[in-house]
Amino acid sequence: MHRHPGDLTALRGDCANCFGLCCVALPFAASADFALDKDAGKPCPHLRGDHRCGIHAELRHKGFTGCTVYDCFGAGQRVSQVTFGGQDWRTGSRAHARRMFDVFPVVRQLHELLWYLTEALALPAARPLHAELRRALDETGRLAGQTPQELAALDVGAHRQQVNVLLLKTSELARAGTRGRKKDRRGVDLIGARLKGADLRGANLRGAYLIAADLTGADLRGADLIGADLRDADLTDADLTGAFFLTQAQLDAAGGTAATKLPESVSRPPHWTALH
């Protein structure tokens with residue numbers, strides 16, 4: 001696994017210390033990502049009594065690709081073991097279970113922000129913003145550590161907007177060091193786009209739709225990839241060195257090879273070898 005200068009350990013999912021919250025709290029609809037419909041608060045039929053997935057080794061084969069690319073950023077174990085003190089939703093009251101399911105997505109959003117803020121603080125170019133970023137990191141951590149009642153009442157959307165202002169400034173500083181004209185593809189529909197060998201150095205790809213895009217050999221060095229949809233994108237031989245705000249879930253949803261160059265914050269998905 002790649003090492004990263006920021007402390008991201010607590011922001012990585014630890015299913016062994018979680019009560020299978022993502023398999024219960026979240027809804028999903030039958031689609032290319034999920035083989036069936038499931039309502040929020042209803043356990044997936046494949047969730048076992050020990051909170052393990054009964055088809056974990058066959059998720060992709062059985063039509064649950066969405067499960068293989070989901071990332072709770074460590075919120076699962078925090079809500080299970082810290083916020084609710086290790087009290088299982090199966091053994092508590094219905095009200096306890098409902099509150100746990102309501103709180104989980106809130107903490108998940110806060111942990112995602114912690115990931116981005118930690119990434120931002122690791123960027124030398126963002127040094128002028130480090131004091132503000134540190135304050136935002138501390139405040140987000142404080143919010144994530146609140147009681148279940150406080151978390152349920154939190155306007156997490158408003159906090160995300162405040163943090164996003166800082167992340168945008170961070171992106172501008174980080175990409176300013178890239179030579180040449182930097183492409184702005186923020187939120188652009190690039191579904192299925194032919195971008196083989198494209199020069200996307202320092203590009204703004206925040207929220208871009210790159211589903212099934214051909215990025216073979218593309219140069220994505222120093223690009224901002226926050227929120228970019230990389231499902232089924234082909235990153236064969238692409239160079240993502242120095243790309244930032246890229247999460248493991250985004251990478252897991254894409255395809256690549258051993259030759260794909262990655263930033264230090266993520267690891268090469270095991271299924272890439274099987275696909276190529």
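A crossing of two helices is called left-handed if the near helix is turned anticlockwise from the far one by less than a right angle, and right-handed if clockwise. The legends below concern a predicted model, in which local features need pLDDT of at least 70 and side-chain atom pairs count only at pLDDT 80 or more, whereas totals for chains, interfaces and linings use all residues. Residues are numbered from 1 along each chain as its sequence is written, and side-chain values use heavy atoms, with hydrogens and water left out.

**View 1. Helices α3 and α6 in a left-handed crossing.** Helices here are DSSP runs of H or I with at least four residues, numbered from the N terminus. Two packed helices are described by the angle between their axes and the distance between the axes. The axes, which are lines fitted to C-alpha atoms over the stretch in contact, with angles running from 0 to 180 degrees between N-to-C directions, come within 11 Å for α3 and α6 and cross at roughly 15 degrees. The two helices are therefore roughly parallel to each other, a term that applies to angles under 35 degrees, while angles over 145 count as roughly antiparallel, 65 to 115 as roughly perpendicular and the rest as oblique. On the α3 side the contact (heavy atoms within 4.5 Å) is made by Val106, Gln109, Leu110, Glu112, Leu113, Tyr116, Leu117 and Ala120, and on the α6 side by Val156, His159, Arg160, Val163, Leu167 and Thr170.

**View 2. Helices α3 and α4 in a left-handed crossing.** Helix α4 (residues 130-144) packs with α3 at an angle of about 160 degrees, their axes being 9 Å apart. That makes α3 roughly antiparallel to α4. Residues of α3 including Leu110, His111, Leu114 and Leu121 meet residues of α4 that include His130, Leu133, Leu137 and Ala144.

**View 3. Helix α2 against helix α3, in a right-handed crossing.** Helix α2 (residues 75-83) and helix α3 (residues 94-121) pack at an angle of about 125 degrees, with 9 Å between their axes. The two are therefore oblique to each other. From α2 the contact involves Ala75, Gly76, Arg78, Val79 and Thr83, and from α3 it involves Met100, Val103, Phe104, Val107, Arg108 and His111. Buried residues (under 20% relative accessible area, with exposed over 50% and partly exposed in between, for a 1.4 Å probe and protein chains only) in α2 are Ala75, Gly76, Gln77, Val79, Ser80 and Thr83, and what covers them includes α3 and α5 (148-153). After α2 comes Gly85, whose phi is positive, near 55 degrees.

**View 4. Salt bridges among Asp and Arg side chains, including Arg201 with Asp199.** A salt bridge is a side-chain nitrogen of Lys or Arg within 4 Å of a carboxyl oxygen of Asp or Glu, and by this rule the count comes to 11. Arg201 and Asp199 are joined at 2.7 Å, N to O, with Arg201 partly exposed at a relative accessible area of 33% and Asp199 partly exposed at 35%. Asp239 and Arg221 form a salt bridge at 3.8 Å, N to O. Both residues lie in the loop between α6 (156-176) and α7 (248-253), so this pair ties together parts that are 18 residues apart in sequence. Asp239 is buried at 14%, whereas Arg221 is partly exposed at 36%. In the salt bridge of Asp229 and Arg231, the N to O distance is 2.8 Å, with Asp229 buried at 16% and Arg231 partly exposed at 35%. Salt bridges that share partners join Asp199, Arg201, Asp219, Arg221 and Asp239 into one network.

**View 5. Asp219 in the loop between α6 and α7.** With a relative accessibility of 16%, Asp219 counts as buried. Its contacts, once neighbours within four places in sequence are set aside, are Ala198, Asp199, Leu200, Arg201 and Asp239.

**View 6. Leu205 in the largest nonpolar core, which has 28 residues.** A nonpolar core is a set of buried Ala, Val, Leu, Ile, Met, Phe, Trp, Tyr and Cys residues joined through side-chain atoms within 4.5 Å. In this core Leu205, Leu210, Leu215, Leu235 and Leu240 touch the most other members. Leaving out neighbours within four places in sequence, Leu205 is in contact with Arg185, Leu190, Leu220, Ala223, Asp224, Leu225, Ile226 and Ala228. Another core, of 24 residues, lies apart from this one and has Ala25, Ala75, Trp89 and Phe104 among its members.
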